[in-house]
Amino acid sequence: MKKVVIIGAILSAYATASGAESPDSLHAPHQLSVVEVLGLKTMLSPGNTPVTTINQAQINRLGINAVKDVGELVPNMYIPKYGSRMTSSIYMRGLGSRMDQSVVGLNVDGVPYLNKDAYDFDLPDIATISVSRGAQSVLNGRNAMVGQINVYTLSPRDWQGFRSMVEYGTANSAKVSLGGYFALSPSLFTSLTAYWQHTDGFWRNRYNNSKTGRENSGSARWKTVWAPSLALSVTNVAAINMDRQHGYPYAAVETGQIAYNDTCFYRRNSFSDGLTIAWAGERVVVTSLTSVSYLDDCLTLDQDFTPADYFTLTQARRELSVTQDLFTKGARGRYSWLGGVFGFYRNSRMHAPVTFFDTGLRELIEQRRNDMNPTYPISWDSRDFLLDSRFRSPNCGFALYHQSRWQNEEWAFEAGLRWDFERISCRYMSNADASYTTWHEGEVYMVTPVVIDDFGRLRQSFNQLLPKVSVARIFPWGRAYATFSKGYKAGGFNTQMFSDVLQQKVMETMGLAQQYRVDEIVSYRPETSWNYEAGIKTSWLNDQLTADAVLFFIDCHDQQLTRFPPGMV
């Protein structure tokens with residue numbers, strides 16, 4: 001699809017009783033400690049971006065322990081809860097993606113998540129969640145096309161003691177967390193938190209009457225803060241996560257029942273470590289954010305989700321990511337700025353076999369071929385057929401960015417620009433080894449081998465200039481603003497298409513498919529958007545009543561959509 005236009009509007013208003021805690025601190029600024037503020041990748045003064053901030057009091061009251069829990073609190077944001085944790089889609093302002101790249105960026109304690117498949121995880125002791133709406137590409141680059149989510153966990157510098165949580169519900173659903181926060185010295189602080197969750201599942205697979213939706217997950221986080229002076233802060237956060245999911249409650253439309261015969265599960269182990277070093281001079285703050293992330297997961301599906309033996313899919317992946325962000329921010333009078341350099345490297349290895357069984361071979365291959373040539377029918381010599389694919393996808397990127405703001409008592413002007421370069425390649429190996437027999441008048445006519453050994457390398461490079469301009473008129477009751485910005489979602493290669501590509505090659509040997517280039521089928525270009533936004537932020541009665549209104553227009557080009565190879569529809 002070449003172009004999509006989205007127009008939307010949102011109006012939100014909140015009121016609180018005087019002296020009570022504001023339930024809409026959702027829109028109120030949230031103050032963090034001085035040391036932690038040094039490391040935040042935000043401007044030093046409030047801007048014109050619509051931001052929803054959920055503070056710790058609200059997080060505790062609402063029981064929020066995952067990013068997907070805030071979907072119902074943020075305007076124009078929807079996070080569906082279905083399937084495996086790998087399917088962690090986020091939709092904002094009418095845009096989203098079910099697979100591959102995201103349209104909303106995610107950082108946790110400064111660690112950027114480059115892979116959308118790792119967005120769905122549980123996290124105890126969240127201190128604040130900040131959701132910025134609209135294109136955030138100048139500061140966050142790729143995949144922040146319509147928004148950015150920043151999550152910060154509780155710091156041992158701000159609070160010392162023990163925290164615990166225990167929940168229990170139906171289907172043996174339980175959650176347990178325990179955290180200890182300690183001051184080892186006046187300048188050294190550390191914390192260790194652990195979390196565990198279990199459920200037996202709420203549905204049954206009618207094929208074998210087993211529970212489906214069973215899950216066990218756990219995580220641990222070690223956070224250390226060293227603040228030898230007001231000018232220097234060093235924070236390191238190491239985290240591990242484990243998830244085990246069994247089966248999914250997908251029901252057939254015709255029967256309304258969950259009934260499938262093959263194993264379904266998702267397994268994920270992950271590790272991340274983020275080091276933040278921030279130094280504050282008289283008028284400038286310099287921050288270095290370094291992160292390392294490792295993801296090891298495996299998804300296996302009964303791809304047809306029926307009792308019949310059609311086919312199954314497995315996607316096993318190991319991925320290593322390294323990022324480095326070095327930026328400076330400061331203020332001089334009415335002028336403030338933030339600018340820096342960012343680089344990343346990501347290397348992913350994947351094994352993605354698809355196995356056809358009796359019903360799949362009969363209805364999807366043999367029957368299709370025999371309907372075209374009933375005089376010479378065929379039969380597959382084995383009642384299972386493996387289409388095997390392996391991939392290695394190294395990916396790297398580099399960016400320079402800067403954003404400036406000038407503000408007085410009546411006006412605020414913002415301008416920013418980011419240059420983003422990315423290079424991605426995909427090395428693939430696909431193979432199949434089988435045979436089929438052609439019959440004529442009940443006798444064997446011939447035996448045809450089906451041997452495919454396909455390999456190659458694909459490459460793409462992207463250059464993007466991402467501008468942003470904003471102006472605001474400041475009034476005693478709030479501000480009115482208008483913003484123009486560009487966002488983009490990275491391009492790449494859809495490895496899930498290779499099973500269809502390989503299947504087409506098999507059909508081609510039988511004279512049932514057309515020829516095509518692999519790179520044209522599996523490659524996709526970056527998705528870009530031009531964003532136009534106007535809004536009003538108001539505050540009345542000493543901040544006891546706030547109301548925001550936003551009107552936005554998104555002109556989206558080269559939208560990334562799922563499609564099938566020629567001959568598959």
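Reply: This is a predicted model. The largest cavity in it has a volume of about 360 Å³. Of the 27 residues in its lining, Tyr113, Ala118, Ser270, Phe271 and Ser272 are the closest to the centre.

Me: How does one find such a space, and how many cavities of 30 Å³ or more are there?

Reply: Rolling a probe the size of a water molecule over the atoms shows where empty space is left. Here the count comes to six cavities of 30 Å³ or more.

Me: Which elements give two or more residues to the lining of the largest cavity?

Reply: They are E6, E14, E15, E16, strand E17 (284-302) and E18. The most comes from E16, with four residues.

Me: How do the residues of that lining divide into nonpolar, polar and charged?

Reply: The lining of the largest cavity has 14 nonpolar, nine polar and four charged residues.

Me: What is the volume of the second largest cavity, and which residues lie nearest its centre?

Reply: The second largest cavity has a volume of about 110 Å³. Its lining holds 19 residues, and Gly134, Ala135, Thr483, Ser485 and Glu533 lie nearest the centre. Strand E24 (443-475), strand E25 (478-489), E28 and strand E29 (545-557) each give two or more residues to this lining. By class, the lining of the second largest cavity has six nonpolar, eight polar and five charged residues.

Me: Glu533 is a charged residue in that list. With which side chain does glutamate 533 meet in a salt bridge?

Reply: The general idea comes first. Side chains of opposite charge can pair when their charged atoms come close. In this model, glutamate 533 meets arginine 93 in a salt bridge, at 2.8 Å from N to O. Arginine 93 is in the loop between strand E4 (91-92) and strand E5 (104-108), while glutamate 533 is in strand E28 (residues 527-540), so the pair links distant parts of the chain, 440 residues apart.

Me: Are arginine 93 and glutamate 533 buried or exposed?

Reply: Arginine 93 and glutamate 533 are both buried. Over the protein, buried residues make up 53% of the 569 residues.

Me: How many salt bridges does the structure hold?

Reply: It holds 24 salt bridges. One of them joins the side chains of aspartate 109 and arginine 221, at 3.2 Å from N to O. Aspartate 109 is buried, as is arginine 221.

Another salt bridge is formed by glutamate 319 and arginine 346, whose closest N and O atoms are 4.0 Å apart. Glutamate 319 is in strand E18 (residues 311-332) and arginine 346 in strand E19 (residues 335-351), 27 residues apart. Both glutamate 319 and arginine 346 are buried.

Me: Which residues are linked in a network of salt bridges?

Reply: The network links Lys68, Arg85, Asp120, Asp122, Glu215, Asp243 and Arg268.

Me: Now the strands. How many strands and helices does the protein have?

Reply: There are 29 strands and six helices. In a regular strand the side chains alternate between the two faces of the sheet. To read a sheet, go from each strand to its partner. E14 pairs with strand E15 (residues 232-246) in the antiparallel sense over 13 bridges, and a hairpin of five residues joins E14 to E15. Tryptophan 222 has alanine 238 in E15 as its bridge partner. E15 in turn runs antiparallel to strand E16 (residues 265-280), with 15 bridges between E15 and E16. There, alanine 239 has serine 272 in E16 as its bridge partner.

Me: With which elements does E18 pair?

Reply: E17 and E18 are antiparallel and pair over 19 bridges; aspartate 302 has threonine 312 in E18 as its bridge partner. E18 is also joined to E19 by 17 bridges, again antiparallel, and aspartate 325 has phenylalanine 342 in E19 as its bridge partner. E18 and E19 form a hairpin with two residues between them, and glycine 333 in the turn has a positive phi of about 65°. Three bridges join E18 to strand E20 (residues 354-356), also antiparallel, with leucine 313 opposite valine 354 in E20.

Notes
Residues are numbered from 1 along each chain as its sequence is written. This is a predicted model: local features need pLDDT of at least 70, side-chain atom pairs count only at pLDDT 80 or more; totals for chains, interfaces and linings use all residues. Side-chain values use heavy atoms; hydrogens and water are left out. Buried means under 20% relative accessible area, exposed over 50%, partly exposed in between (1.4 Å probe, protein chains only). Two strands pair if DSSP finds at least two bridges between them. On a 1 Å grid over the protein atoms alone, a cavity is a set of points where a 1.4 Å probe fits but cannot get out, and a pocket is an open set with protein on both sides within 12 Å along at least five of seven lines; lining residues have an atom within 4 Å of a point. Grid points are joined across faces, edges and corners, and a volume is the space filled by probe spheres set on the points.
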